[in-house]
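User: I am new to structural models, and I would like to learn how to read one step by step. Could you take me through the one shown here?

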Protein chains: 2
Amino acid sequence: MSDVPDQPDQSDPSLRLLWRHRAGAREEPKTKRGPKQKVSVDEIVDAAIDLADAEGLAAVTMRAIAQRFGLGAMTLYSYVPNRDALLVLMADQVTGRAELPELPEDPRKRLELVANHTHDELRAHPWLLEVQDVRPWLGPNMSERYEWQLRAVDGLGLSDLEMDQTVAVLVGFAGNIARSELMKRRAEQVTGMTEAEWWEANYDTLNEVMAGSHYPLANRVGTAAGEAYQAASDPARELDYGLARIIDGVLAHVGR
Amino acid sequence: MSDVPDQPDQSDPSLRLLWRHRAGAREEPKTKRGPKQKVSVDEIVDAAIDLADAEGLAAVTMRAIAQRFGLGAMTLYSYVPNRDALLVLMADQVTGRAELPELPEDPRKRLELVANHTHDELRAHPWLLEVQDVRPWLGPNMSERYEWQLRAVDGLGLSDLEMDQTVAVLVGFAGNIARSELMKRRAEQVTGMTEAEWWEANYDTLNEVMAGSHYPLANRVGTAAGEAYQAASDPARELDYGLARIIDGVLAHVGR
DNA sequence: TCCAATTTCGTACGTTGTACGAAGATGTCA
DNA sequence: TGACATCTTCGTACAACGTACGAAATTGGA
């Protein structure tokens with residue numbers, strides 16, 4: 001009889017998997033009987049990331065990944081508890097790939113860097129936008145990322161809470177821009193037409209169907225956008241504009 | 001032989017469906033043979049909205065909706081071309097339910113209203129966050145909403161493009177807050193624990209697994225958040241903070 | 001040498017959207 | 001009135017998904 005009853009581990013199984021490489025990761029029980037695993041968790045996660053990069057998150061099926069290694073689909077479940085856990089591992093692992101640039105002196109440049117860094121990453125791995133719907137998971141690489149982001153807003157005169165909220169606003173904004181870029185690309189893929197072609201093809205129908213409805217401002221603004229961008233929107237400029245306003249607001253708040 | 005070859009309608013079929021109630025909607029061909037339809041598109045969309053409100057978007061299956069009317073699943077396809085089109089109709093129709101409050105005089109209050117209005121709606125219908133991944137569709141109610149949002153930023157001294165971008169920043173920010181609230185609720189539902197309980201249950205594991213890793217700022221900020229909120233985050237306060245900064249930035253930009 | 005622990009993986013189930021085609025209902029025209 | 005064209009309804013079926021289950025194969029330790 002042990003004094004410590006081995007209560008079923010209440011903690012989340014994904015946690016140990018996320019931190020499997022770090023020092024504190026509890027070493028496996030000594031006995032390692034049974035066949036050796038043919039691949040590693042890292043390889044599986046990397047393959048899943050590559051697949052998501054190339055064909056989108058929907059293409060990341062258990063069967064498809066297993067096939068890449070010549071394994072049966074069910075074999076993956078001896079590496080990873082389920083698909084959702086795999087997505088979390090993908091998110092943390094891909095986060096670890098990006099280097100974290102040195103932070104500039106200038107406060108404005110620091111905040112810009114946080115947003116642009118997020119934006120670049122989400123453009124390279126748009127599926128992260130869909131994974132984040134699950135949870136902002138506590139992996140080692142995400143923790144490191146968060147620490148870096150906090151460092152960017154440290155010393156500006158913000159309270160601890162405000163530091164967190166400022167990072168959230170910047171990262172969230174960058175995510176929204178990335179999302180609208182993703183939607184645009186997806187729309188072009190689904191319809192098989194560019195945005196301009198879509199408007200061309202639907203111009204008559206829109207006029208017909210909207211006859212009798214009046215949206216004066218929307219019309220004026222839409223026309224202006226169309227002329228300026230040759231499209232309904234231009235995410236790159238939206239990024240610059242919104243980011244400037246947000247940073248203005250933050251810096252004004254701390255009195256700079 | 002007609003001079004006008006009846007080219008297959010190149011325009012998006014969802015468009016006519018979206019605008020089916022408006023004046024310009026092309027009247028159906030006179031001949032209406034065949035059985036009368038037992039329900040209406042509006043009823044179907046309303047039922048789908050109710051289902052999504054009650055049980056989430058994943059519960060909105062063609063079979064589930066059909067069952068509500070005692071119909072066979074395939075019957076829905078004589079009302080709506082496919083599920084994605086139904087989601088678009090849901091989004092526009094639910095947008096039409098919300099009233100658009102009168103806009104205050106004070107510029108700051110106007111911008112706040114746009115963000116808070118979006119936030120309230122997304123809290124009432126969180127599934128809108130998932131539908132928006134498809135496309136910002138051009139329905140009548142969405143158009144009206146957009147017109148109202150533009151009215152809120154009109155007359156401030158912004159250019160046409162800036163008006164659009166300002167609305168996008170405000171609405172996007174409100175959406176991010178709503179999303180983090182949704183994630184929080186989902187996490188509690190999936191794990192069966194409150195956020196506080198989750199941290200309690202995983203405290204030991206986290207300490208063990210993160211031993212050797214150091215995130216000084218994240219730790220400090222996390223502790224501050226935990227003490228202030230009794231949780232890792234408090235979306236309501238994030239809304240106030242971020243909104244204030246964004247509006248500060250916009251108003252400074254137009255010199256107020 | 002034998003057993004316990006592990007990995008591998010074929011089969012199968014429930015669920016999804018929806019293609020297909022038959023059956024039934026209805027309006028129009030001869 | 002009867003015949004037909006047109007439309008709605010919906011049962012069946014298929015492919016794809018995640019994954020539960022359990023048998024087979026493989027390995028290290030006793």
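Predicted model: local features only at pLDDT ≥ 70, side-chain atom pairs only at ≥ 80, totals over all residues.

User: Then how should I read the confidence of chain A, and what is its mean pLDDT?

Analyst: The general idea is that pLDDT gives the predictor's confidence in each residue, on a scale from 0 to 100. In this case the mean pLDDT of chain A is 91, and 92% of the residues of chain A reach 70 or more. Residues 1-6 of chain A, however, have a pLDDT below 50, and this stretch has zero contacts in the model beyond near neighbours in sequence.

User: How do I read the packing of two helices, and at what angle do α8(A) and helix α11 of chain B pack?

Analyst: One looks at the angle and the separation of the axes, then at the residues that meet. For α8(A) and helix α11 (residues 235-253) of chain B, the angle is about 65 degrees and the axes are 10 Å apart. Angles of 65 to 115 degrees count as roughly perpendicular, and α8(A) and α11(B) are therefore roughly perpendicular to each other. The crossing in which α8(A) passes α11(B) is right-handed. From α8(A) the contact uses A:Glu162, A:Gln165, A:Ala168 and A:Val169, while α11(B) brings B:Glu238, B:Tyr241, B:Gly242 and B:Arg245. These residues of α8(A) and α11(B) divide into three nonpolar, two polar and three charged.

User: Which residues of α8(A) meet α10(B), and how are these two helices placed?

Analyst: The axes of α8(A) and helix α10 (residues 216-229) of chain B come within 8 Å and cross at roughly 105 degrees, so α8(A) and α10(B) are roughly perpendicular to each other. A:Asp160, A:Leu161, A:Met163 and A:Asp164 of α8(A) meet B:Arg220, B:Val221, B:Ala224, B:Ala225 and B:Ala228 of α10(B). By class, the contact of α8(A) with α10(B) has six nonpolar, no polar and three charged residues.

User: What does a pair within one chain look like, and how do the axes of α4 and α7 of chain B cross?

Analyst: Helix α4 (residues 83-97) and helix α7 (residues 140-153) of chain B have axes that come within 7 Å and cross at roughly 50 degrees, which makes α4(B) oblique to α7(B). The crossing of α4(B) and α7(B) is left-handed. Here B:Asp92, B:Gln93, B:Thr95 and B:Gly96 of α4(B) meet B:Pro140, B:Asn141, B:Met142 and B:Arg145 of α7(B).

User: Finally, which residues come nearest to DNA strand D?

Analyst: Among the 25 residues around DNA strand D, those that come nearest are A:Thr61, A:Asn82, B:Gly34, B:Gly72 and B:Met74. The surface near DNA strand D has eight nonpolar, ten polar and seven charged residues. For DNA strand C, also with 25 residues around it, A:Gly34, A:Gly72, A:Met74, B:Thr61 and B:Asn82 come nearest.

Conventions. Residues numbered from 1 in each chain as written. Chains lettered and ligands numbered in written order. Axes fitted to C-alpha atoms, helices over the stretch in contact; angles between N-to-C directions. Helix = DSSP H or I, 4+ residues; strand = E, 2+ residues; numbered from the N terminus. Parallel < 35°, antiparallel > 145°, perpendicular 65-115°, else oblique. Left-handed = near helix turned anticlockwise from the far one by under 90°. Contact = placed C-beta atoms within 7 Å. Nonpolar A, V, L, I, M, F, W, Y, C, P; charged D, E, K, R; others polar. Near = placed C-beta within 6 Å.
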